[in-house]
Amino acid sequence: MDGKKWCQSEALQRIISTLASKNDEIQNFIDTLNHTLKGVQENSSNILSELDEEFDSLYSILDDVKESMISSIKQEQARKSQELQSQLSQCNNALENSEELLEFATRSLDIKEPEEFSKAARQIKDRVTMASAFRLSLKPKVSDNMTHLMVDFSQERQMLQTLKFLPVPKAPEIDPVECLVADNSVTVAWRMPEEDNKIDHFIMEYRKTNFDGLPRVKDERCWEMIDNIKGSEYTLSGLKFDSKYMNFRVRACNKAVAGEYSDPVTLETKALNFSLDNSSSHLNLKVEDSCVEWDPTGGKGQESKIKGKENKGRSGTPSPKRTSVGSRPPAVRGSRDRFTGESYTVLGDTAIESGQHYWEVKAQKDCKSYSVGVAYKTLGKFDQLGKTNTSWCIHVNSWLQNTFAAKHNNKVKALDVPVPEKIGVFCDFDGGQLSFYDAHSKQLLYSFKTKFTQPVLPGFMVWCGGLSLSTGMQVPSAVRTLQKSENGMTGSASSLNNVTQ
């Protein structure tokens with residue numbers, strides 16, 4: 001009966017989980033519909049406002065053209081009127097003078113004296129010769145024709161009648177099969193549902209998320225935009241994968257307007273993200289999330305109080321006095337004892353329990369000594385990386401003499417390769433492999449082959465200097481390609497590749 005109840009309980013739990021997931025999916029869709037409805041209202045209001053502005057601008061242009069044409073007609077009218085008025089005035093003056101001369105000539109016919117008559121005749125002749133009436137043009141300087149200023153807006157009226165909304169490009173289609181996520185880069189590829197030679201460019205938007213499936217409206221980051229993409233694919237490179245997924249959408253643009261967004265696509269961008277655990281780090285280390293620096297003055301008072309007792313029993317369980325020092329900073333993330341003595345160590349705050357992972361470490365140029373590797377959670381607070389069977393690392397030392405070596409279980413393997421500027425760490429938990437690379441060239445530095453029996457934590461030791469950490473990184477393609485050859489190279493390091501129980 002208990003077994004039957006247990007099976008029913010399991011089935012009920014699955015139903016509850018399915019219903020909760022479906023409810024979450026429906027709620028997200030409701031949020032999307034509400035967001036879309038709000039967007040329709042806001043965008044409609046904006047479009048109406050823009051339409052009013054466009055027509056107001058058109059009316060303004062027509063008013064300006066009308067005023068300009070009216071001004072041209074009035075100027076032409078004034079010019080012609082002035083010309084005709086001037087010509088009319090000259091004709092009136094000429095006529096008046098001519099009538100006066102005619103009257104004088106008529107009176108002269110009645111003169112009886114020959115001498116006076118001869119004198120009058122000469123005067124009339126001279127005045128006629130000089131009379132403006134005989135030099136006046138009797139042709140109007142301008143005509144009354146104004147047809148050159150007439151208009152015919154029939155074509156313009158037809159054009160205005162053809163006014164319509166802009167042609168909007170259709171939504172592109174993102175092809176998930178053609179999209180590629182590799183080496184902390186994402187290539188997104190798309191195509192148009194039909195050929196459109198008026199498309200000028202594309203806009204791609206993306207955002208990080210921890211939710212699979214359709215993008216959510218609430219509790220999400222803002223979309224980031226890449227504009228003026230000329231081709232039908234785009235690669236985002238140099239990304240930090242600090243979320244499980246990324247959403248992508250694309251829209252096409254012609255010279256005037258942007259079209260609808262494509263259906264969004266969600267791509268997986270999972271990678272190991274961790275910070276340094278300052279709750280258990282040595283007091284002489286100044287620790288931030290992604291960097292650690294040697295601080296010779298840190299915790300000096302506390303170190304002097306417990307130094308003698310620490311040197312007596314390095315593997316012993318700490319006494320209550322050692323763990324109850326009043327000046328110890330409170331634990332932030334961890335629950336283990338703080339590293340002390342000569343174990344200038346800090347661990348990552350995220351355990352690796354399965355899978356393949358990769359991160360990179362860069363040392364300051366003046367760093368005297370540092371180690372990079374992994375360790376079990378059980379690493380003792382006095383233990384140094386590589387000196388126990390619970391930790392694996394490579395160690396760099398430039399104090400007094402230069403050494404570069406791989407360390408595990410207090411065994412050392414000197415490495416006959418240059419120390420790179422940045423070290424890449426590859427951990428294959430299930431395959432029991434820990435490899436170190438030159439982060440730039442991807443040259444293999446050393447590989448441990450073992451069997452991890454507990455979760456491991458990234459581990460770091462630093463003395464007189466500092467380290468900076470890069471996480472959120474995928475395993476590089478070059479590293480994946482080199483894994484087979486790495487497995488063939490680990491035989492030379494058999495003295496260090498002990499299987500830890």
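Two strands are taken to pair if DSSP finds at least two bridges between them, and helices (H or I, at least four residues) and strands (E, at least two) are DSSP runs, numbered from the N terminus. The model is predicted, and local features are therefore reported at pLDDT of at least 70 and side-chain atom pairs at pLDDT 80 or more, while totals for chains, interfaces and linings use all residues. Residues are numbered from 1 along each chain as its sequence is written, and side-chain values use heavy atoms, with hydrogens and water left out.

Under the pairing criterion, strand β14 (residues 369-376) is joined in the antiparallel sense to strand β15 (residues 391-397) over 7 bridges, with V372 standing opposite I394 of β15. Strand β14 also runs antiparallel to strand β21 (residues 456-463), to which 8 bridges join it, and here S371 stands opposite M461 of β21. Strand β14 is mostly covered, since 8 of its 8 residues are buried, where buried means under 20% relative accessible area, exposed over 50%, and partly exposed in between (1.4 Å probe, protein chains only). In a regular strand the side chains alternate between the two faces of the sheet. In β14, S369, S371, G373 and A375 point one way, whereas Y370, V372, V374 and Y376 point the other way, and all of these residues are buried.

Rings of Phe, Tyr and Trp (its six-membered ring) are counted as a pair if their centres lie within 6.5 Å, and planes under 30 degrees apart count as stacked, over 60 as edge-to-face and the rest as tilted. By this rule the count comes to 13 aromatic pairs. One of them is formed by F274 and F460, and this pair is stacked because the ring centres are 6.5 Å apart and the planes lie at 25°. F274 lies in the loop between β9 (265-268) and β10 (285-287) and F460 in strand β21, so the pair ties together parts that are 186 residues apart in sequence. Both partners are buried, F274 with a relative accessible area of 5% and F460 at 2% relative accessibility.

W294 and W463 form an aromatic pair that is edge-to-face, with 6.3 Å from centre to centre and 65° between the planes. Because W294 lies in strand β11 (residues 291-294) and W463 in strand β21, this pair ties together parts that are 169 residues apart in sequence. W294 counts as buried at 17% relative accessibility, whereas W463 is partly exposed, with a relative accessible area of 23%. Together with Y344 and W399, W294 and W463 form one aromatic cluster.

Contacts between charges and rings were assigned if NZ of Lys or CZ of Arg is within 6 Å of the ring centre and within 35 degrees of the ring normal. The charged end of R127 sits over the ring of F104, 5.6 Å from its centre, and that of R249 sits over the ring of W223, 4.1 Å from the ring centre.

Backbone geometry was also examined. Most residues other than glycine have a negative phi, and most peptide bonds are trans. L400, although not a glycine, has a positive phi of about 70°; this residue lies in the loop between β15 and β16 (403-408) and is exposed, with a relative accessible area of 80%. C464, also not a glycine, has a positive phi of about 55°. The place of C464 is in the loop between β21 and β22 (466-473), and at 25% relative accessibility C464 counts as partly exposed.
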